[in-house]
Amino acid sequence: MERPGAPSLPDAVKGHWADRWAPAGLRPYLRLARIERPIGWWLLLLPCWWSAALAAIAAGQPWPNPVHCLLFLIGAVAMRGAGCTYNDIVDRDIDTRVERTRQRPLPSGQVSLKGALAFLALQGIVGLVVLLQFNAFAIATGFASLGIVALYPFMKRFFWMPQIVLGLAFAWGALMGWAAAFGSLGWAPILLYLGSIAWVVGYDTIYALQDIEDDEIAGIKSSARFFGENVKLGVGICYALTLIFITASLTLARAGWPSFAGLSLFALHLGWQVARIDRADGAGALRLFRANRDAGLILFAAMILDCFI
């Protein structure tokens, strides 16, 4: 049960329905799934939607498959929640040593380990039901990501760039939309995947700026610590790679001017983020990180317009 006055985490959306209206007994589990921090499932979803739109452009369809887009939405919420739950199970001891995470449901005692494992299984079942709605190739492609997801929480203990492994997992949707549409893969979705990986590494480096001091104390490695004083350059390189790979992907899919116009706006947004990075401003880092939802939606909207024209 939730302890009276159990606080929301510092980076949660203020006044979120999960904290205001959900039954008290469910709130710790919703926090375990990061429901009150929707930016996570948005960032997992966007490469899926990009990939679905890319497939529609390549196939000459007037819009991305709406059923696939809806399934990706449900799957992103469920699997992001499952990934966070798994991550918290693995990191429950480390989280007690980090100021921003010690109030998470597991280290704070709001949820038991058995309860967290049961909740993980429930979310996994939802994700599985969603995945089984796709063709056999897409199902196999989805299952292939599980090893990366399982590996990620351990990487921060010994690998200076765990964000790369996070990118491999979080960008997987860039393959799924195309696989669901065509039952195969090609260079266009692979290049989109590479661009999405670089995007994830860039924005999660910004996110990790919030924890640099605590990570040093706890011995946790991150790209923010790795780049150090050169973090703007590091994020800038990641975002430059993002744009190079996505440009190549759109070119191979024979995208039209709306997609490239949207990519230009996307590039301006990423450049604005790099210019605003301040290693000493944790709150600003969180705002920049969250802004990537808008950046990703700009590109997706442009790709949808491309399908219509």
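The model is predicted, and local features need pLDDT of at least 70, whereas side-chain atom pairs count only at pLDDT 80 or more. Residues are numbered from 1 along each chain as its sequence is written.

**Helix 4 and helix 8**
- The axes of helix 4 (residues 66-90) and helix 8 (residues 146-155) come within 9 Å and cross at roughly 40°.
- Tyr86, Asn87 and Val90 of helix 4 meet Val149, Ala150, Tyr152, Pro153 and Phe154 of helix 8, where contact means heavy atoms within 4.5 Å.
- Of the residues in this contact, 7 are nonpolar, 1 is polar and none is charged.

**Annotated spans**
- An unreviewed UniProt entry annotates residues 39-58, 137-155, 164-184, 190-209 and 230-249 as "transmembrane region"; such annotations may be inferred rather than shown by experiment.
- Residues 39-58 are 100% helix and 0% strand, with end C-alpha atoms 29 Å apart.
- Residues 230-249 are 95% helix and 0% strand, and their end C-alpha atoms lie 29 Å apart.

**Positive phi values**
- Most residues other than glycine have a negative phi.
- Arg34 has a positive phi near 60° and lies in the loop between helix 2 (27-32) and helix 3 (39-59).
- Arg34 is buried at 4% relative accessible area, the limit being under 20%.
- Arg254 has a positive phi of about 60° and sits in the loop between helix 14 (231-252) and helix 15 (257-276).
- Arg254 is exposed at 75% relative accessibility, the cut-off being over 50%.

Conventions: Side-chain values use heavy atoms; hydrogens and water are left out. Axes are lines fitted to C-alpha atoms, for helices over the stretch in contact, and angles run from 0 to 180 degrees between N-to-C directions. Helices (H or I, at least four residues) and strands (E, at least two) are DSSP runs, numbered from the N terminus. Ala, Val, Leu, Ile, Met, Phe, Trp, Tyr, Cys and Pro count as nonpolar, Asp, Glu, Lys and Arg as charged, and the others, Gly among them, as polar. Buried means under 20% relative accessible area, exposed over 50%, partly exposed in between (1.4 Å probe, protein chains only).
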